[in-house]
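Work through the following exercises with the structure open beside you, and try each task before reading its solution.

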Amino acid sequence: MKNANNNQSRRSFLKVTSLTGGGMMIGFSWFANLIPNEAIAAATDKMDWVELTGFIKITPDNQVKIFNPNPEFGTNVMTSLPMMVNEELEADWSKVIVEMGDYDTPRFKSQFTGGSRAMAMAWKPLRTAGATARLLLMQAAANEWGVPISELTVSKGVVMHKASNKSANYGALATAAAKLPKPEKVELKKASEFTLLGTPQKNKVGKEIVGGESLFTLDYKMEGMLIAMVIHPPAFGMQLKSFDATEALKMPGIKAVFDFQVYKDGYVKAGFDTRAFNKLIAVVGNSTWEVMNARKKVVAQWEPIQDTKEMVMARGGKREEIIPAGLESTENHLRLMHEMQKKPTRVARKDGDPETAFKNATKVLERTYTAPFLAHNPMEPISCVAHITDEKAFFVAPIQIPEMMKQNIVSNLDIKPEQIEMKLARMGGGFGRRAYGHYIVEAGHISKRVKAPVKLIYTREDDLTNGIYRPTYIMTYKAAIDKDNNVTAIHVIGGGIPESPLHENRFPAGVFDNYLAESWDMPSNITIGAYRAPRSNFNASAEQSFLDELAETVGKDPLDFRIEMLKKAKANPVGKNNDYNADRFIAVLELLKEKSNWGSTASKNAKRGVSAYFCHASYAAHVVDVTMKNGQPYVEKVVTAMDCGFVVNPEGAKNMVEGAVVDGIGNALYGELILEKGATVQKNLNNYRIIRHREAPKKIDVHFVQNNIDPTGLGEPPFPPVFAAVANALYKATGKRLYNQPYLKELGKV
Amino acid sequence: MAKFQLKVNGKPLQVEADPSTPLLWVLRDHLNLVGTKFGCGVGACGACTVHLNGRAMRSCQLPVSAVGTQAVTTIEGIVSAEKEMHPVQKAWLELDVAQCGYCQTGQIMSAVALLKSNPNPTEAEIESAMTGNICRCGTYLRIKAAIQQAAKSSKK
């Protein structure tokens, strides 16, 4: 991030370009002939593909810049999305400059990093933007040279007319091209014609990363900027009663200590407005260390909360959210979850007559699985820069969902939507944590109060103890088995605190004539949110561990058993809303079988586990090999098969899958956030265990199903099936089936 | 507040700070060398790794008053005099290691120090030297491969 003084607002930037720059800028405003932003916003709903274009900016001196619209937290959208534009634009990729777009969703339409959706959402619009720009540049050349556009060719940002031996680069044509009407029809290349997409391309921001350049919010500085930290209650279920800042204010470099309310009373929260505590103490000063020291001198009194109700307007409509009083604990959560599994619950799906099938069963296999709360722990602690003045609300924010923060910022900071100017800094990881931007509002309040630019910094302890966690879950699977070892019914009950993990239409729904899925949840004052493949990350572990044990119980090979079930679901699907494509699922498992040499003698002798899952529109399957290393089970090798449709950037895609596998192994073996008396036991990375170098596998072989289906994402899908693959391999290695995460703890190896 | 004469990336620099201020915050807040990252503040993640007289050190655990005349090198200081990237940085780019990128400067600093003291490390030695550096994105395999590649390239 450069200094704020150099950052002109998007609007003035546009104006300057159109007056003096020459050249061209492809994008929403440009096509709309620079109509005012308000009109653009009003027209957004009526626009066709143009509304979805990213930016292409070409200067007369032939610099080609492509703006990435989506916030970057490590999935490499800074490279893969501009690749889509340039496939059709056909500028010289090695010279294309890639820049992060600011928050301007009316222009970019989609600025959302989550749900593994970037590839699918950008696929057509960004290629269309590139193709449109190329056609305009070619038309400008055709007009200039008096030749038909059909006689022109383009290569690496140069338009050529072979017959007359004329050529011109994009920079020379851009000013004229910018004055032309947009083409009525834009044809996109077929996958077989791609020259950039589908080839391995290096990270466009690689040099800045390895050089340690200022890229992240924590690195951002502006003139007169102060450092701010907050103090939050020591436990969930507590709130601020009073505080004394006398000593803190005497500390060197300290400017202000005050309490503030994050959201107004009665504020109706949207889906991503989750925040742990509403009343915080701010400590503001000149430098980080001074603020950290002064913060320790604030003497605060805390009190228990009463049962509280807050209004939420999110998925499922407007509803009351109950925040119960009390100091919760992991021990209590586990007890409650096991009790709830035995009580009547909500039936989410029922096919056939499962009751009779269970009554007539020769054998019933019933197993219960649990998983603890998890903390995201992105490497860059939570932070936000804010500078609120009467004219403008300026932010540098690490946020996955900028547009969805707008209402929150407007309502709670009393700011007009058009006053918001937000730079979307590269995020030092997210995993879902940075979808919850309460820290943006907090930074805004503090800046308003001290009338200066501030950088709000959470320490690692702040983030771990004041988090938005992955919930704790439980799931019981039951299978009815007849005398011939056929599975005749499946019954699943899923619950969690405070959210159920159940996806009732996921595999193996659709396979068996008799199927019952039940769900429950229970309120809690522990704040939870999306964590890399929400719900799926636990679902997959329970389902795929159970199917493994079920295969063993009925005497079948676990991988073949899955394929057999999918073939059954394909030939004769039960029910209507089955949430998977059996053909693609089978193809992934067949590829895995081949690449892992499953069934060979060596494979049979190895301590191997298999698992497969479909979520977020992509299919993933793993075979995991476990050995023992220094008396500890060690995942030495992983073979992965994926189907995410067309693979946009194979090298980046491979890196994503490797990372998800490593993350899955770490969380399966070690991941755990324990609560005692309302507070997290783990408070920093010295006792919250994250997988490290020596615990990572020696090898991860990643294979993609080759097809030309429109691309889907990879950030989440490879993650959920890792857990059960590890559990199933650990069973082979230790003889012990594992039901409770983290598995190393259940094995007594911690 | 006290004044300290530091030698950072070969340059003598003067800073005024509380003696207990960790070198990390002196680098980031006072000297604007932001390539050294804050990750945990307790020496458990390695994001803040710098070199002190060529040896890897967690700068969040080192008060500025303890630095004295020892040479401090940060990620900004490992390029050559001609501004050419360090072979370890080049290997990082060749193997396209980074995802979010936040931890990578600390990883690189640990790797550079390792190769300085042990130009030809075994896999186990790499794992051991690097295990204090967490990568939450899980790029460990690529980091290891990049260190092996850098070791190979400097033998040529």
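A residue is called buried when its relative accessible area is under 20%, exposed when that value is over 50%, and partly exposed in between. The model used in these exercises is a predicted one.

**Exercise 1. Decide whether Glu247(A) and Lys250(A) are buried, partly exposed or exposed, and find what links them.**

Step 1: Lys250(A) has a relative accessible area of 59%, and therefore it is exposed. Step 2: Glu247(A) has a relative accessible area of 43%, so this residue is partly exposed. Step 3: Glu247(A) and Lys250(A) form a salt bridge, in which the closest N and O atoms are 3.1 Å apart. As background, side chains of opposite charge can pair when their charged atoms come close.

**Exercise 2. Describe the salt bridge between Arg335(A) and Glu339(A), and explain how the two residues are placed in their helix.**

Step 1: The side chains of Arg335(A) and Glu339(A) meet at 2.9 Å, taken from N to O. Step 2: Both residues belong to helix 11 (residues 330–340) of chain A, and because they are four residues apart they are separated by about one helical turn. Step 3: An α-helix has 3.6 residues a turn, so residues three or four places apart point the same way. Step 4: Arg335(A), with a relative accessible area of 43%, is partly exposed, and Glu339(A), at 36%, is partly exposed as well.

**Exercise 3. Find which parts of chain A are tied together by the salt bridge of Arg134(A) and Glu88(A).**

Step 1: The closest N and O atoms of Arg134(A) and Glu88(A) are 3.1 Å apart, and the pair forms a salt bridge. Step 2: Arg134(A) lies in helix 6 (residues 118–145) and Glu88(A) in helix 4 (residues 77–89) of chain A, so the pair ties together parts that are 46 residues apart in sequence. Step 3: Both Arg134(A) and Glu88(A) are buried.

**Exercise 4. Check the length of helix 13 of chain A, and name what covers its buried residues.**

Step 1: Helix 13 (residues 402–413) of chain A has twelve residues, which at 1.5 Å a residue should span 16 Å. Step 3: Among the buried residues of helix 13 are Met405(A), Ile409(A) and Leu413(A). Step 4: The cover over the buried residues includes strand 19 (393–397), strand 20 (420–424) and helix 14 (438–450) of chain A. Step 5: Just after helix 13, Asp414(A) takes a positive phi of about 50°.

Notes. Residues are numbered from 1 along each chain as its sequence is written. Chains are lettered from A and ligands numbered from 1 in the order in which they are written. This is a predicted model: local features need pLDDT of at least 70, side-chain atom pairs count only at pLDDT 80 or more; totals for chains, interfaces and linings use all residues. Side-chain values use heavy atoms; hydrogens and water are left out. The expected span of a helix is 1.5 Å times one less than its number of residues. Buried means under 20% relative accessible area, exposed over 50%, partly exposed in between (1.4 Å probe, protein chains only). Contact means heavy atoms within 4.5 Å. A salt bridge is a side-chain nitrogen of Lys or Arg within 4 Å of a carboxyl oxygen of Asp or Glu.
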